[in-house]
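This note is intended for a colleague who is meeting the structure for the first time. Please read the points below alongside the sequence and the model.

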Amino acid sequence: MRTLDPVTLAVLNGRLVQIADEMDATLFRSAFNPIIAEAHDACHGLYHAETGATLVQGTSGLPIFVGAMAFAVKAVIDRVAADGNLKEGDTYLFNDPYDGGTHLNDFRLVRPVMRKGKVFAWLASVGHWLDVGGNVPGNFNAKATESFQEGFRVPPVKLIDGGVFRQDIVDILAANSRVPQSNWGDLNGQLNALQLGEARVHALLDEYGDDTVRAAMQALSERAEALMRANIASLPDGTYSCDDFLDNDGVSDEPLRIALDLSIKGDRMVLDFSRSSPPCQGPLNIARSTAVACCYVALKHLFTDVPANAGCLAPIDFVIPDTTLLGVKAPKPVGGYTETILRVIDTVFAAFAKAAPERANGGPFATINALSLAGWRANGARWVMFCFFGGGLGGNPEGDGLNHGNNPISTATIPPAEILESLYPVMFTQWALRPDSGGPGRHRGGVGAIYEVEALNDGDTDVFLLGERGKYPPFGVNGGKPAALNRFVFDTDHGERTPPLVSKITDVRIKRGQRVRLETPGGGGFGDPKSREPARVARDVRLGLVSQDAARRDYGVVLNDDGSADEKATLALRLDPRTTGARA
């Protein structure tokens with residue numbers, strides 16, 4: 001393998017990333033579904049010809065797909081090896097969550113880049129389709145006990161065979177969705193992205209030569225591995241453990257343990273999840289490939305200088321037994337995977353906080369609150385709205401957590417209220433920050449949000465929610481306190497109600513004019529709240545982020561009538577041994 005000078009390597013890295021970014025932009029601009037077009041729940045990248053390992057990923061796609069897509073491409077490579085029949089222009093389509101997928105809504109398209117009859121690399125596209133059948137519109141079925149209740153499952157099949165589009169495959173997909181036109185638009189957007197990516201890769205290879213670009217890909221992977229090894233080696237050897245919990249599995253109201261033993265020895269790391277709960281009845285299970293992918297996301301947050309390719313995982317060993325809910329096989333339900341991977345990421349963050357407390361962050365809000373509303377229009381057409389929502393991020397060594405941010409699994413943005421209101425018969429009557437939801441700390445956790453949605457449909461509107469953090473709040477670190485719990489409320493003819501399972505619900509129907517309301521968690525606090533500067537607490541109160549009662553109770557700050565901090569009274573209150581902190 002030839003050696004490249006640093007300038008050429010940097011240029012080629014930029015060109016490769018730009019190809020993936022262009023693919024992302026192509027899909028975002030052409031998708032019919034707002035979860036892709038507005039929220040950017042999609043990803044594109046280039047993958048190794050023989051192993052399927054991630055070579056390059058776009059900067060706008062979801063990080064969770066980086067690790068998962070490598071398994072997906074390998075599934076196609078294995079299928080090609082079994083079939084023994086790969087032609088230029090072939091494009092495989094599938095959504096199998098147990099074979100390199102995540103959940104059934106995430107459809108993957110994989111295509112080879114052929115050079116002189118051989119595969120140079122693979123291109124892949126993944127996007128969240130709005131509805132793929134199953135018992136629940138939008139497919140976040142909190143009561144599913146097997147994957148068949150979550151939607152239809154497609155193994156790797158040829159959508160395009162030697163350049164010929166297979167309409168029979170599309171007909172099958174359309175017959176199994178409540179909104180086939182939306183899926184059709186997303187599929188075409190993904191195909192356009194692959195076509196553009198293939199053209200750009202060929203242009204790059206023609207300009208620099210196959211061997212030069214191949215050498216650059218190898219060098220970038222090696223650099224990622226070297227950087228990851230250096231980061232691991234900077235941490236003290238030892239084993240650092242963390243146990244966190246999911247509220248329940250949506251079927252029985254029993255907590256699910258996510259347990260991690262993180263071991264460091266020299267420049268290698270072991271992530272051992274053997275102590276986690278066994279597979280559950282409900283949809284909070286995940287496949288092993290998904291568990292590996294979310295660990296990658298957590299590590300990328302911790303070691304930000306490491307490039308997004310497979311090299312960063314080389315010095316890391318994963319212990320994920322299939323006797324746990326993190327390594328299941330078909331037909332165990334996995335539709336609520338987003339909640340489980342967020343808790344896995346939380347355990348990595350919390351274990352890391354013990355290894356390097358000076359670099360620790362408070363826990364993020366860590367639930368997407370997958371809300372689906374569905375009904376029938378007056379003209380008989382079916383409508384399905386799916387959306388996820390934001391919350392607060394944890395306080396950190398440098399400052400307060402971000403208010404109303406995105407979860408660490410993604411760079412996705414919440415679709416604007418105006419877009420959702422224009423597409424569906426709903427109206428947002430509240431979209432606001434949630435006071436007192438951030439964990440108290442010297443650096444306060446970011447606050448969550450309040451979303452209230454009113455149904456405008458003439459008929460009934462079905463409501464489905466799959467969320468978390470209704471019982472176990474986001475954690476604080478280094479003396480910081482937990483954030484507020486997640487809360488969901490819906491209107492009935494007899495007043496407001498909350499779900500029996502707190503964060504999950506199906507089989508709820510609201511009438512025109514009735515509302516649902518989400519109150520999302522904030523992030524955990526960093527450091528002792530009593531060490532927060534009183535002036536900063538007073539400012540939080542003025543901004544409506546912290547109430548006056550919480551300022552006194554959680555921070556030990558007394559305010560004057562004009563809203564400023566009473567320094568003398570505050571000092572006396574903080575020194576009073578009878579006062580206690582906030583959420584212990």
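1. Basis. The model is predicted: local features need pLDDT of at least 70 and side-chain atom pairs count only at pLDDT 80 or more, whereas totals for chains, interfaces and linings use all residues. Residues are numbered from 1 along each chain as its sequence is written, and side-chain values use heavy atoms, with hydrogens and water left out.

2. Nonpolar cores. A nonpolar core is a set of buried Ala, Val, Leu, Ile, Met, Phe, Trp, Tyr and Cys residues joined through side-chain atoms within 4.5 Å; buried means under 20% relative accessible area, exposed over 50%, and partly exposed in between (1.4 Å probe, protein chains only). The largest core has 113 residues, of which Ile64, Met269, Leu271, Phe303, Leu326 and Phe488 touch the most other members. Helix 8 (residues 337-355) supplies the largest share of this core, twelve residues. Helices (H or I, at least four residues) and strands (E, at least two) are DSSP runs, numbered from the N terminus. Apart from this core lies another, of 41 residues, including Leu4, Leu109, Leu191 and Ala216.

3. Salt bridges. The structure holds 44 salt bridges, each a side-chain nitrogen of Lys or Arg within 4 Å of a carboxyl oxygen of Asp or Glu. In one of them, the closest N and O atoms of Arg15 and Glu207 are 3.1 Å apart. This pair links helix 1 (residues 6-30), which holds Arg15, to helix 5 (residues 180-208), which holds Glu207, across 192 residues.

4. A network. Arg434, Glu452, Glu454, Arg487, Glu496, Arg515, Arg517 and Glu519 are linked by salt bridges. Glu519 pairs with Arg487 at 3.3 Å between the closest N and O atoms. Because Glu519 lies in strand 20 (residues 515-519) and Arg487 in strand 17 (residues 487-492), the pair ties together parts 32 residues apart in sequence. Glu519 is buried at 13% relative accessibility, while Arg487 is partly exposed at 35%. Glu519 also forms a salt bridge with Arg517, with the closest N and O atoms 3.0 Å apart.

5. Strand 4. How many of the ten residues of strand 4 (residues 106-115) are buried? Ten of the ten are. Two strands pair if DSSP finds at least two bridges between them. Strands 4 and 5 form a hairpin with two residues between them, and Lys116 in the turn has a positive phi of about 55°.
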